[in-house]
Amino acid sequence: MVKRFKRFLAMVCTAALFVGSINIPVEAASATEKEEYTGFPTSQTADVKKYGGTVKNGIVCYDIDKVIDEPEAPTYEAFVKGVKKEEQTDVVSSSKGLYKDIIKNRDWYSYGSKYIYNQLDTNEKKLYRKMYSYCLYLLTNANSNNKIATNYKLVTMELNGKKKKDYVSPAFDFGKLGISRKRAFELYIIFTYENPQFYFIDQVVYYRSASSFSITFYEKFKDSVSRAKVTNSIFDVVDKYAQQVIKMPNDEQKARKAEELIMTRNSYCFARKIPGKSFTEDYDQTIYSTFKLGYTVCAGYCKGVLAVLAKAGMGCIAVTSSNHAWNLVKVNGKWYNLDATWDDSDSGVFDRANFLKSDGYMTANDISDAWGNPAHQRDNEWSNAPSCLVNYGQAWPAAYANINKKVDSAESKLAAIKTNLSNVYTPTLLKTTIKVKLSKSTYLYNGKARKPSVKVTMNGKVLSPVEYTVKYANGRTNPGVYKVKVTLKSLTGYKASKTVKFAVIPKRNDLTSVKNVADGVSVKWTKGTGNISGYEVQVSPVKNFSKGVKSKKIGKVAKVSTTLKNLESGKKYYFRIRTYKANASGVAYSNWSPVRSIKVK
């Protein structure tokens, strides 16, 4: 009886977190019931009423009358002021404002499912990919310098005649893609449940017009550096759990291990009601609650199971009803229901009543909420998810292959669609200028490749290497002039590039003789070494070559002498020589030889 009550409570607490296609009026119950049935405390419920919002599938939906202010991302100084000192350790250097890269290189695609995505039509996939691209950008980029595109934008809007601020994405235009408002919302639900890695998405959608909407983000993760720390902390746990699952001997044991790990780590509770906490945001709808707080609800349970099993290479899907969320898991080539929320007794003894069960079993043992909605009746957006025909261990009907052919076909194409989802959003960038200083501008040829380091500054601030790319020209082993191009990365919020040059100079050669001859002065030298283009000989009436300089280039490396004519008789002249190498980027000259002199006859 206690267990059955808990299942009912789990449904009740998620009833308005997943209210299907109907809009639940906020004033439909007493204050106590409102908090219980909508999943939002009174303050949040008051906001919905104040700004004319509705609750749908656990998402608060608002229609924007107009956008009052949509500023650029905050300045570096504003960022530093808003982050606690202890959070800046090993991230921001107060003396130089440098950013240390703390995002680990992970295969972010591997933490979710794309079964339903692969069955969408062309335009539906486009909308999905736009949301995916933007969230992937926020997940994988971090920066603490200058104007920060990777920090959320705080937008001021007018809703229901009143001003409201929130952290919102750019507008995603579904109308131009021929997608209805209802279908666009379904695609948003699919997107959030297929991608648990985007844990920072909030439970609010703003419709900017009849044909576009913006998604929102939890304020807690608004700055990209602290968000990066949370990201690594969450997925370090997911990766560890996935490795434990992989080591299990068969699919059934792998699914059992994943469910057990999630249940062991969590107790059922809304984030706003966690003992000793005073959260004002609904983290329980994401895997932040699952892997960081230890308290979550059905959304957190099923997304946690999905992240772990997907990372372990198991077939897994998260699905929702009007009031609940759970998983479908593929074991030994067949699909089954798995409900970790209902199996978790919070007592350390796990119930397996909802582990690898058929659709028929889940229906026969279901409970309906206060509005008569069954917990395990899938919403329309999951109509293409696989059928679960029998409980684990029972014989499957021959018709199985045909019934689940479509979704199993989708599963086989996961590697292909990963490429389609690899593009990362590029924000609107502001034009600026940068200064680039090379650690060294001249190198003496020694047969080894040269690669000077760069120091990049923007608006007087030194940038971190993670904020720009450096491209070196090829062939830097030989003498010549070489380009170095520095380009700002989009994560800085700016657009700029700068090309500078350095030279690998050939080795010096020397004059061997300077003699008067009948028609001038004969100059001889040692043959230059290395890959050179020729020689340059100079003559001047002053020893420091400050005036009256005449130059002569010899473009044949094998030639080691020349005659300089039209020099004034009876006057002393000074001579020197150097080698040079010409390439597409310029001419690199060696150092000058020691000076020789002669009085012209």
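Where does serine 422 lie? In this predicted model, serine 422 is found in the loop that runs between α15 (414–420) and β15 (430–431). With a relative accessible area of 43%, serine 422 is partly exposed. Its C-alpha atom is 9.0 Å in space from that of tyrosine 132, although serine 422 and tyrosine 132 are 290 residues apart in sequence.

The protein as a whole has a secondary structure of 15 helices and 31 strands. Of its 601 residues, 54% are buried. Among the contacts with a separation of 6 or more, 67% are accounted for by residues 24 or more positions apart.

In soluble globular proteins, nonpolar side chains tend to be buried together. The largest nonpolar core of the present structure comprises 103 residues, and Tyr199, Phe200 and Phe213 are those with the most contacts inside it. Leaving aside residues up to four places away in sequence, phenylalanine 213 touches Met131, Pro170, Ala171, Phe172, Phe174, Ala184, Phe185, Tyr188, Val205, Tyr206, Tyr207 and Arg208.

Aromatic pairing was examined next. A search of the whole structure gives 34 aromatic pairs. In one of them, the ring centres of tyrosine 199 and phenylalanine 221 are 5.2 Å apart and the ring planes stand at 80 degrees, so this pair is edge-to-face. Tyrosine 199 belongs to the loop between α6 (181–194) and β7 (201–209), whereas phenylalanine 221 belongs to the loop between β8 (212–217) and α7 (224–246); the pair therefore ties together parts that are 22 residues apart in sequence. Tyrosine 199 counts as buried because its relative accessibility is 0%, and phenylalanine 221 counts as buried at 1% relative accessibility. Another edge-to-face pair is formed by phenylalanine 279 and tyrosine 283, with a distance of 5.1 Å centre to centre and 80 degrees between the planes. Phenylalanine 279 and tyrosine 283 are both buried.

Aromatic rings also take part in arrangements with charged side chains. Lysine 164 has its charged end over the ring of tyrosine 51, at 5.6 Å from the ring centre. Over the face of phenylalanine 545 lies arginine 576, 4.0 Å from the centre of the ring.

Helix packing is illustrated by α6 and α10. Two packed helices are described by the angle between their axes and the distance between the axes. The axes of α6 and helix α10 (residues 298–311) come within 9 Å and cross at roughly 60 degrees, which makes α6 oblique to α10. On the α6 side, the residues that meet α10 are Thr192, Tyr193 and Glu194, and their counterparts in α10 are Ala299, Cys302, Lys303 and Leu306.

A further serine, serine 522, is located in strand β25 (residues 520–525). Its relative accessibility is 14%, and serine 522 therefore counts as buried, whereas serine 422 is partly exposed. Apart from residues up to four places away in sequence, serine 522 touches Ser513, Val514, Lys515, Val517, Thr562 and Thr563.

Technical notes: Residues are numbered from 1 along each chain as its sequence is written. This is a predicted model: local features need pLDDT of at least 70, side-chain atom pairs count only at pLDDT 80 or more; totals for chains, interfaces and linings use all residues. Side-chain values use heavy atoms; hydrogens and water are left out. Rings of Phe, Tyr and Trp (its six-membered ring) pair if their centres lie within 6.5 Å; planes under 30 degrees apart count as stacked, over 60 as edge-to-face and the rest as tilted. Helices (H or I, at least four residues) and strands (E, at least two) are DSSP runs, numbered from the N terminus. Buried means under 20% relative accessible area, exposed over 50%, partly exposed in between (1.4 Å probe, protein chains only). A charge sits over a ring if NZ of Lys or CZ of Arg is within 6 Å of the ring centre and within 35 degrees of the ring normal. A nonpolar core is a set of buried Ala, Val, Leu, Ile, Met, Phe, Trp, Tyr and Cys residues joined through side-chain atoms within 4.5 Å. Contact means heavy atoms within 4.5 Å. Axes are lines fitted to C-alpha atoms, for helices over the stretch in contact, and angles run from 0 to 180 degrees between N-to-C directions. Angles under 35 degrees count as roughly parallel, over 145 as roughly antiparallel, 65 to 115 as roughly perpendicular and the rest as oblique.
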